[in-house]
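Hi,

Here is the structure I promised to hand over. Have a look at it first, then read my notes below.

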Amino acid sequence: MAALILGVGNPLRRDDGAGAAVAGRLAGRLPGHVTVAAVPGGAAEILAALQGAAQAILVDATSSGAPPGTVRRFDAAAGPLPASFARASSHGLGVAEAVELARALGQLPPHLVVYGIEGEDFGMGEGLTPAVVAAMERVAEAVARDIDAANPVHYDVVHGEDGGL
Amino acid sequence: MNALPKKTRTLEVDCLARVEGEGGLYVKVRGDRVEDVKLRIFEPPRFFEAFLRGRRFTEAPDLTARICGICPVAYQMSACHAIEEACGVTVGGPLRELRRLLYCGEWIESHALHIYLLHAPDFLGYESGIHMAADHAEEVQRGLELKKIGNEIMTLLGGRSIHPINVRVGGFYRLPAQRELKNLIDRLEHGLALSLDTVRWVARFPFPDFEQACETVALRSSGETEEYPLNEGRLVSSHGLDLAVADYESRFREEHVAHSNALVSTLDGRPYLVGPVARYNLNADRLSPLAREMAEAAGLGPVCRNPFQSIVVRAVELVFAFEEALRILRAYEEPDRPAVDVEPRAGTGTGCTEAPRGILYHRYRLDAEGLIQEARIVPPTSQNQKQIEADLRSFVAAHLDLPDDRLTWQCEQAIRNYDPCISCATHFLKLEMDRS
């Protein structure tokens, strides 16, 4: 599998569905070598999804206290993801843990980018809050730019110093 | 963005209840005495009991599966059995065996994840599975492979590994092809070998000297079938309980406690323990010979009283699950139909099955059209809550000299002995120490 876009999160928990929404927005609109998928979470499942990808982009919701809709982009090859991606307890193993597990096991894709969209409401139910909808659309555009049709492993990094978009 | 004509390959896995909720631990110490320990657990089942009302009986397995992302099959099995009892239907024969096989898949993926990524790091002195992976890549890979094999069983029988879609009241929507099932045998034999390695690995861990006397509760099959419990049996305990599942609520009570949104369970007013240790203590004679042999070689006596050794019991259950899965596959004969007909009728039904973490009880009352009038769901982790609190009380009392942050971490480790379900229980552990 050359390239993977993986939305992570649970659409039944409102803004936690941001990642899946990005995947849904991009499904069917990218070249054939790009796989678009969504997983609910779980480090083992994320790790399994990353297998064999030369280039992978993960999209997840964050809960860090930043204003809702804040988008951050991280190059996982450069170093560990910030704490806002990680769960406070080792019971919950999500994106940050999956990335670090892949790194520890030597299974990190050569190119791995993670987008975080700050959520506002993680309660029960479907539907993203307005700020997250807007952020989701921006991220979908950015992800599509990252995936280069001609050369799957080359992409432009366009982000601010703090990872902001 | 330009729309490009070529079609992308799209894979979608549906959602599960993600890690959520807050857990809290409140400890009150006066001088050198532990006055109070309260464990707070987030309770999704309460929400589900409410919105099941008015839904069709056929929806119970799919809706309740959303309560837990790690053990959806447990919810589906308990729901199916309860609805089928209400409607006067028994699912036997090959369909019954396929249900056991599906459950084995769930035990495998749940136990493997817990043993390798959540629990083993505590014994080897690592902060997390990730930290451990760098030094023990081979073992972690083994754990991930075990989990993957468990997921393969669930995908084959359940349609997908997360929230299986192939389970229905009466059986399944579609039967897997004989060829597909037989192909699984190689994978399971490989998994069995890995599970034996797992027992050998965890048996050598340093276990703190800590014994807890408590009442253990599990299913135990009665009558002709002498099997290690999964979907059926009577409720038994280390203190002489022998109860039909239908009478669960006559002895097991849920009490509302002021400090938590959770309801806590008691048996005749006492705390009790469910899960692998309870199952082992009450059903070790029903394990496969190989699993029994491994248990003995690993130093497990006829009963396990050290909660830290639960990791060994889970490893033994991994061996059992592979053996049972292989037994079922080798003997499997395809039934005529994927499901038994179930016609709705007014009435009440109960179901209790052994989730990876212990007994999971469901009760439904249906009207004549099969609409759910009332639902009651009691997950294993909430049943263990009082016992976990009791253990923590002893634990905190013995470690009062530790600074708060260190004590918090040790409490989390102690809680991990119970493999609390991340969707049903403690997520963030906030320790409040009230020292006066």
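Let's start with a pair of strands: strand S3 (residues 55-62) of chain A runs parallel to S5(A), and eight bridges join the two. Strands and helices here are DSSP runs numbered from the N terminus, with at least two residues (E) for a strand and at least four (H or I) for a helix. Two strands count as paired if DSSP finds at least two bridges between them. Within this pair, A:Gln55 sits opposite A:His111 of S5(A).

S5(A) has another partner too: strand S4 (residues 71-75) of chain A pairs with S5(A) over five bridges, this time in the antiparallel sense. There, A:Arg73 stands opposite A:Tyr115 of S5(A). Strand S5 covers residues 111-118 of chain A, and seven of its eight residues are buried, so the strand is largely enclosed by the rest of the structure. (Buried means under 20% relative accessible area, exposed means over 50%, and partly exposed is in between, using a 1.4 Å probe and protein chains only.)

Quick background before you go on: this is a predicted model, where local features need pLDDT of at least 70 and side-chain atom pairs count only at pLDDT 80 or more, while totals for chains, interfaces and linings use all residues. Residues are numbered from 1 along each chain as its sequence is written, chains are lettered from A and ligands numbered from 1 in the order in which they are written, and side-chain values use heavy atoms, leaving out hydrogens and water.

Next, a helix. H3(A) is mostly covered, with eight of its 10 residues buried. One of the buried ones is A:Glu100, which belongs to helix H3 (residues 95-104) of chain A. Is A:Glu100 buried or exposed by the numbers? A:Glu100 counts as buried because its relative accessibility is 17%. Leaving aside residues up to four places away in sequence, A:Glu100 touches A:Pro80, A:Leu81 and B:Ile130; contact means heavy atoms within 4.5 Å. Just after H3(A), A:Gly106 takes a positive phi of about 70 degrees.

On the subject of phi, most residues other than glycine have a negative one. A:Arg14 is not a glycine, yet its phi is positive, at about 50 degrees. You'll find A:Arg14 in the loop between strand S1 (3-8) and helix H1 (18-26) of chain A, and it is partly exposed because its relative accessible area is 26%. B:Asp268 also has a positive phi, near 50 degrees. B:Asp268 lies in the loop between strand S10 (263-267) and helix H9 (276-283) of chain B, and at 37% relative accessibility it counts as partly exposed.
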